[in-house]
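Reader: Please walk me through this structure, one question at a time.

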Amino acid sequence: MITESSVMLQAFQQFTGINTVMYYSPTIVQMAGFSSNQLALLLSLLIAAMNAAGTVLGIYLIDHFGRKKLAISSLAGVIASLFILAGAFFGTSSGSSNELYGWIAVLGLALYIACFSPGMGPVPWNVYSEIYPEQYRGICGGMSATVNWISNLIVAQTFLSIAEAVGTGSTFLMLAGIAVLAVVFVIMYVPETMGLAFVEVEQIWKESAWGCSYNTESLLEQGDDK
């Protein structure tokens with residue numbers, strides 16, 4: 001399951017909607033009631049700037065907070081922001097012309113980026129660079145990256161169609177449901193690799209594959225205690 005955890009993290013990174021937000025942020029802002037193209041573009045540029053700043057922050061947090069804890073806290077914020085977005089779009093679809101719903105949607109987008117970019121942005125890439133044994137790192141890393149881009153393609157190509165079919169609010173609720181599954185997966189299957197050498201991470205992989213038959217204390221438990 002150690003090997004699969006990196007691949008699944010890459011899939012969850014995309015299926016929780018990050019590139020939906022990045023690719024379609026001007027469209028989402030306009031869906032929320034802002035008719036000005038210039039304003040929609042400006043707000044989307046601010047969201048992109050937040051993403052860049054959050055990623056830089058993640059570089060610091062990942063070695064001080066831990067990969068697993070950072071991913072879980074990031075996903076918790078993502079879930080909350082997706083519920084805010086869903087509520088805003090349910091409000092606009094009810095026929096209300098109140099601009100408040102539009103600003104709530106923008107707040108949801110900003111919160112999403114603020115929570116996602118320091119955590120679920122860098123963590124899957126960091127984990128996949130650490131988690132595989134040296135002899136398999138190249139091919140397994142390629143598999144993880146391939147899963148990421150295929151997931152990206154699926155989400156990017158289906159978001160607008162699903163939003164048109166079931167409503168934008170319901171689409172964001174679906175993404176929130178996937179984020180909940182991601183939290184469960186991280187808690188159950190993703191090891192904490194902070195502070196471990198590559199040889200120690202390889203020992204975790206061996207323990208996962210063949211059981212604790214190496215007469216060593218479980219490094220998984222050591223990592224989770226950090």
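Reader: By class, how many nonpolar, polar and charged residues does the lining of the largest pocket have?
Author: Happy to start there. Ala, Val, Leu, Ile, Met, Phe, Trp, Tyr, Cys and Pro count as nonpolar, Asp, Glu, Lys and Arg as charged, and the others, Gly among them, as polar. Sorted in this way, the lining of the largest pocket holds six nonpolar, seven polar and no charged residues.

Reader: Before we go on, where does the residue numbering begin?
Author: This is a predicted model, where local features need pLDDT of at least 70 and side-chain atom pairs count only at pLDDT 80 or more, while totals for chains, interfaces and linings use all residues. Side-chain values use heavy atoms, with hydrogens and water left out, and residues along each chain, as its sequence is written, are numbered from 1.

Reader: Thanks! What volume does the largest pocket have?
Author: On a 1 Å grid over the protein atoms alone, a pocket is an open set of points where a 1.4 Å probe fits, with protein on both sides within 12 Å along at least five of seven lines; lining residues have an atom within 4 Å of a point. Grid points are joined across faces, edges and corners, and the volume is the space filled by probe spheres set on the points. For the largest pocket, the volume is about 210 Å³.

Reader: Which of the residues that line the largest pocket are the closest to its centre?
Author: The lining has 13 residues. Those closest to the centre of the pocket are Q13, Q14, I18, N19 and W125.

Reader: Which helix gives the most to the lining of the largest pocket?
Author: Helices here are DSSP runs (H or I, at least four residues), numbered from the N terminus. At least two lining residues each come from α1, α2 (18-31) and α7 (137-166). The most, four residues, come from α2.

Reader: How many helices and strands does the chain have?
Author: Strands are DSSP runs too (E, at least two residues). Reading from the N terminus, the elements run α-α-α-α-α-α-α-α-α-α. The count is ten helices and zero strands.

Reader: Is Q10 buried or exposed?
Author: Q10 sits in helix α1 (residues 2-15). The cut-offs for relative accessible area are under 20% for buried, over 50% for exposed and in between for partly exposed (1.4 Å probe, protein chains only). With a relative accessible area of 0%, Q10 is buried.

Reader: Leaving aside neighbours within four places in sequence, which residues is Q10 in contact with?
Author: A contact is a case of heavy atoms within 4.5 Å. With its neighbours within four places left out, Q10 is in contact with P124, W125, Y128, S144 and N148.

Reader: Which residues does F116 touch, not counting those up to four places away in sequence?
Author: F116 belongs to helix α5 (residues 99-116), and at a relative accessible area of 3% it is buried. Its C-alpha atom is separated by 9.0 Å from that of Q13, 103 residues apart along the chain. Beyond residues up to four places away, F116 touches Q13, T16, I18, S74, V78 and G121.

Reader: Why is the pair of F159 and F172 called tilted, and what is the angle of its planes?
Author: Rings of Phe, Tyr and Trp (its six-membered ring) pair if their centres lie within 6.5 Å; planes under 30 degrees apart count as stacked, over 60 as edge-to-face and the rest as tilted. By this rule there are five aromatic pairs. The rings of F159 and F172 have centres 5.9 Å apart, and the pair is tilted because its planes are at 55°.

Reader: Where in the chain are F159 and F172?
Author: F159 counts as buried at 3% relative accessibility, and F172 does so at 0%. The pair links distant parts of the chain, 13 residues apart: F159 is in helix α7 and F172 in helix α8 (residues 168-189).

Reader: Which residues does M174 touch, not counting those up to four places away in sequence?
Author: M174 is also a residue of helix α8, and with a relative accessible area of 44% it is partly exposed. M174 and F15, 159 residues apart in sequence, are 9.6 Å apart in space, C-alpha to C-alpha. Not counting residues up to four places away, M174 touches I162 and V166.
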